[in-house]
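Here is a short note for a colleague who is meeting this structure for the first time. Please read the points below with the sequence and the model at hand.

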Amino acid sequence: MKTAVVILNWNGRSMLERFMPSVVQCTEADVVVADNGSTDSSVSFLRETYPQVRLIELDRNYGFAGGYNLAFAQLADYDYYVLLNSDVECTPHWVEPVVGLMEQQPKVAVVQPKLLMYDRKDTFEYAGGAGGFIDSYGYPFCRGRLFSTLERDHGQYDDTRDIFWATGAAMFVRASVWRELGGLDADFFAHMEEIDFCWRVKNAGYRVMYCSDSKLYHVGGGTLPKSNPFKTQLNFRNNLSMLYKNLPDSRLGRVLAMRMMLDRVAALKFLLEGHLGEYRAVRLAHKEYRAWLPQLKAKRAAIQPHEVSQVYQSPLLVEYYLLGRSRFSQLRGTYSKVKN
C-alpha cells in the first residue's frame with residue numbers, strides 16, 4: 001500500500017531544519033512537502049538539503065485546509081495520506097502500526113497516533129493528546145487534555161480505540177474516503193477543519209480511531225500563538241459552522257442556541273478582562289457565520305447528518321469549571337454508541 005506523508009509548509013524553514021531529519025530517518029513511506037506560497041528560503045533549503053523529498057509548490061497561502069486539498073489532488077496514486085505538521089519529531093516505525101490497522105479494518109478511514117509534547121516528552125500535547133472527542137454542545141477535548149489542563153503520560157491511554165476526531169497535526173486518512181468526501185472544507189482556512197472532516201467521516205459511515213503503537217512529539221503553536229484574535233475568530237466561526245453542517249435535526253436548534261449564548265458569555269469575559277481584540281474576534285466570527293448560512297445549508301444537505309458515536313453526552317464546561325474534573329478519567333458522563 002502506497003503512503004504519502006505530507007508536510008504543509010508556510011515560511012517554516014526553521015521548523016524544517018529542526019524536524020526534517022527525524023521525518024526522513026524514521027518514515028518508511030514517501031515524504032512530501034507542500035509549500036503554501038512561502039516567501040522565506042524554505043523551498044531552496046529543501047531542494048538543496050533534501051532532494052529525495054518530493055516538493056509541491058503552491059502559488060500562494062491557501063491555508064491549512066485548502067493547501068492540503070490542493071496537495072493531495074496531485075497525489076492520486078496513493079492509498080493513504082498522512083497530514084503531518086512541520087513541528088513534529090518522528091519516532092522509528094511510526095507509520096507501520098497505523099497502516100497495518102487500516103489494512104485490517106476497511107471501515108477505518110482516519111487514525112491518530114499518540115501525540116506528546118516535544119519539550120516535555122512525558123506529557124500529552126494540546127493539539128491531539130490520545131485522541132479527540134466532542135461534548136454535547138460542540139466543545140472539543142482530548143484524552144490527556146481538557147481545555148488547558150494537560151496530563152502526564154503514564155501509559156493510561158496505551159490502547160487502540162474509536163475516537164470522535166483526530167488531530168490534523170498527525171492524521172492518517174484513507175485516500176479513497178478523502179476523495180469521496182472532498183477533503184477538508186477549504187472555507188474554514190484553518191482550525192476545526194479536521195474535526196469537521198472526522199465528523200463527516202462518521203456521518204458517511206466510517207470509523208475514526210487512535211493507535212498508541214505510533215508515537216510522535218509535537219511542538220505546537222508554530223504558526224499562531226495561543227492568544228491571537230485571528231485564531232479566536234477562526235475557532236468560533238468554524239465551530240459554529242461545523243455544528244450547523246453536522247448536527248442531526250433532533251439537536252441542531254437547541255445546541256446552536258446554547259452555543260450562541262455561551263459564545264456571547266465568552267465575548268463578555270474577553271471584554272471585562274481587557275482583551276478587546278478577542279472580543280471583536282468573537283463578534284466578527286458570529287457575523288461571518290451568519291453570512292455563511294446559505295452555503296452551510298447546502299453543505300448540510302449533502303452530508304445528511306445523523307447521530308454518530310463517541311459524542312460525550314454531558315456538558316464539559318460544567319464538569320471542568322464547576323465540578324473540578326480536569327482529567328479525562330474523571331469525567332462521569334456517557335458517550336453515544338451509535339454503530340457506524
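With which residue does K245 form a salt bridge, and how far apart are the closest N and O atoms?

1. In this predicted model, K245 forms a salt bridge with D185, and the closest N and O atoms are 2.8 Å apart. Because K245 lies in helix α7 (residues 229–246) and D185 in the loop between α5 (175–181) and α6 (193–203), the pair ties together parts that are 60 residues apart in sequence. Both K245 and D185 are buried, and the two belong to a network of salt bridges that also links D187, D196, R200 and K299.

2. A salt bridge also joins E288 to R237, with 3.2 Å between the closest N and O atoms. E288 sits in helix α9 (residues 276–303) and R237 in helix α7, so this pair ties together parts that are 51 residues apart in sequence. E288 counts as partly exposed at 22% relative accessibility, whereas R237, at 7%, counts as buried.

3. R300 forms a salt bridge with D249, the closest N and O atoms being 2.5 Å apart, and this pair links helix α9, which holds R300, to helix α8 (residues 249–272), which holds D249. R300 counts as buried at 10% relative accessibility, while D249 counts as exposed at 66%.

4. As for the whole chain, the protein has ten helices and 14 strands. Its radius of gyration is 19 Å, close to the 20 Å that the globule rule gives for 340 residues, so the chain is as compact as a globular protein of that length. Buried residues make up 57% of the 340 residues.

Conventions:
Residues are numbered from 1 along each chain as its sequence is written. This is a predicted model: local features need pLDDT of at least 70, side-chain atom pairs count only at pLDDT 80 or more; totals for chains, interfaces and linings use all residues. Side-chain values use heavy atoms; hydrogens and water are left out. Helices (H or I, at least four residues) and strands (E, at least two) are DSSP runs, numbered from the N terminus. The radius of gyration is taken over C-alpha atoms; the globule rule is 2.2 Å times the number of residues to the power 0.38. Buried means under 20% relative accessible area, exposed over 50%, partly exposed in between (1.4 Å probe, protein chains only). A salt bridge is a side-chain nitrogen of Lys or Arg within 4 Å of a carboxyl oxygen of Asp or Glu.
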